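The notes that come after it are arranged by topic.

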Amino acid sequence: MKRNRIDGGEALRWSLRLASLGACLLAWQWAAGGRVNLGLLTFQNVPPPGEVAQAAWELLHSPQLLGHLKASLGRVFSGFVAAALAGIALGLCIGRWQRWEDLLMPPLEILRPIPAVAWIPLAILMFPSSEMSMIFITFTGALFPILLNTVHGVEQIDPRLVASARSLGGGSWAVFTEVVLPGAAPSIVTGLSIGMGTAWFCLVTAEMISGQFGIGYYTWASYTIQNYADIVVGMLVIGALGMGSSVLVKRIGQALMPWHQQEKKT
């Protein structure tokens with residue numbers, strides 16, 4: 001009986017999700033197909049779903065697709081991995097030790113509000129190749145969500161857990177690995193998931209400016225030749241890749257945290 005209720009709940013959830021997507025497609029078809037003009041907002045040049053589907057089919061059979069995907073995926077994961085290593089390491093140190101916070105947080109807080117897009121001109125000047133500059137932009141965009149969530153996760157650990165571990169004879173390294181790191185892990189995974197989405201945003205912007213391959217470059221090139229359906233295809237590919245990679249990061253994190261059970265939503 002309980003299993004039937006669970007199956008029914010899952011079916012309802014997926015029905016609601018599919019219905020929301022269907023409603024969005026219908027609204028898109030109505031606005032773009034009818035060339036709706038609302039004054040401040042117009043859909044007269046927006047392609048309807050049918051044109052976008054045709055453009056997506058053509059891209060799927062194009063030999064350029066693999067090159068664009070390889071370029072974007074290589075850049076985003078290179079920058080993301082570097083940001084994950086740096087952000088987690090710095091976040092653990094800043095969240096755990098006051099002197100690290102006093103030493104590192106002032107310059108990081110100055111740099112944090114600067115959009116990653118604003119780094120593009122300087123990155124082009126600093127790095128000898130446009131490839132490295134785009135990876136750096138991706139790194140910059142992913143770094144701060146990972147860093148700040150790691151700091152928050154460490155600072156939210158109950159001090160009584162640390163005191164209990166020490167009273168049982170745990171040294172500094174044991175407390176750090178057995179209490180601090182597992183306790184901060186859920187926040188770290190959240191930061192990694194957010195950082196992955198931010199990395200895609202920054203990468204696509206960088207590719208539009210200095211790339212020669214990649215999904216961002218494909219989207220911008222479609223705009224320059226006024227191929228509007230391909231613009232939407234590029235946007236949807238970016239959204240799918242960003243969503244898929246963020247979900248992948250979150251699922252891997254959950255698999256590595258069997259002790260952390262998230263409360264079910266009602």
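What follows is a short briefing on salt bridges, on a few individual residues and on one surface patch.

The model is predicted, and every value given here should be read with that in mind. Four salt bridges are counted in it, and one of them joins Glu207 to Arg75. Side chains of opposite charge can pair when their charged atoms come close.

- Glu207 and Arg75 form a salt bridge in which the closest N and O atoms are 2.7 Å apart.
- Because Glu207 belongs to helix 8 (residues 172-210) and Arg75 to helix 3 (residues 64-96), this pair ties together parts of the chain that are 132 residues apart in sequence.
- Both partners are covered by the protein: Glu207 is buried, with a relative accessible area of 0%, and Arg75 is buried as well, with a value of 4%.
- Glu207 and Arg75 are also members of a network of salt bridges, in which they are linked with Glu131.

- Arg112 and Glu109 meet through their side chains in a salt bridge, with a distance of 3.0 Å from N to O.
- Arg112 is partly exposed at 38% relative accessibility, and Glu109 is likewise partly exposed, with a relative accessible area of 31%.
- Asp158 is paired with Arg160 in a further salt bridge, where 2.8 Å separates the closest N and O atoms.
- Within this pair, Asp158 counts as partly exposed at 27% relative accessibility, whereas Arg160 is exposed, with a relative accessible area of 61%.

**His68 in helix 3**

- His68 lies in helix 3, the helix that also holds Arg75.
- The residue His68 is buried, and its relative accessible area is 5%, which is under the 20% limit used for that class.
- A polar atom of the His68 side chain lies 3.0 Å from the backbone nitrogen of Gly214.
- When neighbours within four places in sequence are left aside, His68 is in contact with Gly214 and also with Phe213, Ile215, Tyr217 and Tyr218.

**Ser193 in helix 8**

- Ser193 is located in helix 8, the helix that also contains Glu207.
- At 17% relative accessibility, Ser193 counts as buried, because the class takes in values under 20%.
- Beyond its neighbours within four places in sequence, Ser193 is in contact with Ser246, Val249 and Lys250.

**Met134 in helix 6**

- Met134 is found in helix 6, which covers residues 130-155, and it counts as buried at 1% relative accessibility.
- The C-alpha atom of Met134 is separated by 27 Å from that of His61, and these two residues are 73 residues apart along the chain.

- Leu38, Leu40 and Leu41 make a nonpolar surface patch of about 380 Å².
- Leu38, one of the residues in this patch, lies in the loop between helix 1 (2-33) and helix 2 (49-60).
- At 56% relative accessibility, Leu38 counts as exposed, in contrast to Met134, which is buried at 1%.

Definitions and conventions: Residues numbered from 1 in each chain as written. Predicted model: local features only at pLDDT ≥ 70, side-chain atom pairs only at ≥ 80, totals over all residues. Heavy atoms only, no water. Helix = DSSP H or I, 4+ residues; strand = E, 2+ residues; numbered from the N terminus. Buried < 20%, exposed > 50% of the residue type's maximum accessible area, 1.4 Å probe, protein only. Polar contact = N/O pair within 3.5 Å; in protein donor to acceptor, adjacent residues only side chain to side chain. Contact = heavy atoms within 4.5 Å. Patch = residues over 30% accessible without salt bridge, like charges linked within 9 Å, V, L, I, M, F, W, Y side chains within 5 Å. Areas by Shrake-Rupley, 256 points an atom, 1.4 Å probe, with all protein chains shown as cover.
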